[in-house]
Amino acid sequence: MEAMEIDSQNILQRKQATYTSMDDTFEIHKETYRGQQYSQIYYTRLHLMRTLLYSLAPNWKPHLPVCTILELEKDRECIVVGTLYKHMKLKPCILDEYSKERSVTPLVKPHNFMHPDDTLVLEDDSGRVKLSGNVLLPSIYVTGVVVALLGKETDAGDFLVQDVLEAGLPPQIEHPLKSGEDKHVVFVSGLSVGGSTSNPLQFQLLIDHITGHLGDEKEQGIAAEIVHVVLAGNSVEFPRGLLNGQNLASKDQSRLSEPIKELDIFLTQVAASLPLDIMPGSDDPANFSLPQQPLNRCLFPGSSAYNTFRSCTNPHCFEVDNIRFLGTSGQNIDDLEKYSEAKDKLEFMERTLRWRHLAPTTPNTLGCYPFVDRDPFFIDSCPHVYFVGNQDKYKTDLIKGSEGQLVRLICIPKFCDTGVAVVLNLRNLECHTLSFGTEFGS
Amino acid sequence: MATTSGNIKEFYRQRKKSGVSKPSNSKISTKKSLKNSATFGSDITQPSALISHGSPDLKDDYDENEDMLRKFDMNMAYGPCLGMTRLARWERARSLGLNPPEEIEGLLKAGKARSDCLWDGRV
């Protein structure tokens, strides 16, 4: 009788990839709040983008004068650069609480605050001017976007827009596609561990697949090609009913920390196998305003023992094998959806890239830290992969820029609702999904 | 009408008007150096003789260095001044490529000038 052999000749090795984190600009470091207001971040944003747009203007409309808003003259065609402000009738305003004529309708409408009467205004440090004409559609733009406009001042005192110049996709470092071997990066978001909608078995199945505990050799071979995992926000859901302002009883205290302990147990399994990045989301125990700081390592006593575990900021920028990734946990795109319209989320994502700004609605309707000397959401180098977490559906597209830039856009769906994770192949930037179900057909 | 004692005189105490009246509670500039504090809201009593040496002494005690720094504060090209120290604003102007004048940096680093902008504590 032959001795049973452990198939030691078929040990599969997981593929490796180089990783560089570029989150430095999103970290707060030693910033201290000195009482500044948001005028500083708007000034920095305008200055950065105005310098850029002034350099692009001669190629766009040669021989046309560029002037500031205060220098506008009637009927003289010129180019102005400024920050857009969208005046929205339905946008909730704190003063509505004090208005004498309060109608029966609730003060805050839940979803989209758009109205056909919305108007756009252009502002720079010298003044502001109302915009008119059919070229600039208020439904597309939001407050905080910096653009260059060609037009002339009318008798009515507003600026008739004839053409728009957006900054366009930033320059991209060339990366040769279709070279090398297949390596995969897995994206997951909206795990909501500990919440009522999440199914722990689904997540455990995902972890087992990634760590190679599932399936036969062929399946394990596929799993061995996964080199990195990114958790794009909302990984945990706390029982918010307990947080009602009163002191917690000791049994409630342990109930409160259960979700994060459960998540730590899951993540220890993943971190033991391969590098893992975890980003904070809107429901996670991190600060509220963007850029959200990394989740504290003391929340993950088990997984943070591994050097493969990385707690990252939101937004998160990193490079794997020289392919640049940039992504958020969804707050920037969700906010755009409230104040503008597009045919799908991918179009919002493409707009933020063309405006060269991750979150143009900060600090107007999306909370952000009042930076004084920089605007960290300005995109100066085009990523190869741009992802957004906590969306309703999986969607992906490949967009091209005017200078040959190629960007893979990915909308990562909420795992607790859909059971879907996204897999990206680094060799050719193609995406597919991994879906996990735990219900058996009836 | 609420006073039970008929001590109206005590209630409406007469205040002597002597030159410029100073506001009674000025928490604003208690921590600032007295040398360069603004007149409004400060707790130094204005000297009663506003006219000295035959001309109205309208300047608070700030010298030409402070005047140069105030012009730097008010220069729109370098952005808003409130909420930042002057040196931080100067550094920002330099890193954005605006070439702010070197003398300002010298004045600020020498340490004798006010580090905050002119509106700080006044707005």
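At what angle do helix 3 and helix 4 of chain B pack, and how far apart are their axes? In this predicted model, local features need pLDDT of at least 70 and side-chain atom pairs pLDDT 80 or more, while totals for chains, interfaces and linings use all residues. Residues count from 1 along each chain, chains are lettered from A and ligands numbered from 1 in written order, and side-chain values use heavy atoms, without hydrogens or water.

**The chain B pair**

The angle is about 150 degrees, with the axes 10 Å apart. That makes helix 3 of chain B roughly antiparallel to helix 4 of chain B (the term covers angles over 145 degrees). Here is who touches whom, contact being heavy atoms within 4.5 Å:

| Helix of chain B | Residues in the contact |
|---|---|
| Helix 3 | Arg86(B), Leu87(B), Trp90(B), Glu91(B), Arg94(B) |
| Helix 4 | Glu102(B), Ile104(B), Glu105(B), Leu108(B), Lys109(B) |

By class, that contact has 4 nonpolar, no polar and 6 charged residues.

**Helix 6 of chain A**

Over in chain A, 7 of the 10 residues of helix 6 (residues 345-354) are buried, so this helix is largely enclosed by the rest of the structure. Buried means under 20% relative accessible area, with a 1.4 Å probe and protein chains only. Among the buried ones are Leu346(A), Phe348(A) and Met349(A), but also Lys345(A) and Arg351(A). Their cover includes helix 5 and strands 13, 14 and 15 of chain A. Just after helix 6, Arg356(A) takes a positive phi of about 55 degrees.

**The annotated span**

An unreviewed UniProt entry puts "domain: DNA polymerase alpha/delta/epsilon subunit B" at residues 185-394 of chain A. That span is 28% helix and 17% strand, and its end C-alpha atoms lie 16 Å apart.

Notes:
Axes fitted to C-alpha atoms, helices over the stretch in contact; angles between N-to-C directions. Helix = DSSP H or I, 4+ residues; strand = E, 2+ residues; numbered from the N terminus. Parallel < 35°, antiparallel > 145°, perpendicular 65-115°, else oblique. Nonpolar A, V, L, I, M, F, W, Y, C, P; charged D, E, K, R; others polar. Buried < 20%, exposed > 50% of the residue type's maximum accessible area, 1.4 Å probe, protein only. UniProt positions renumbered as here; feature names shortened; annotations may be inferred.
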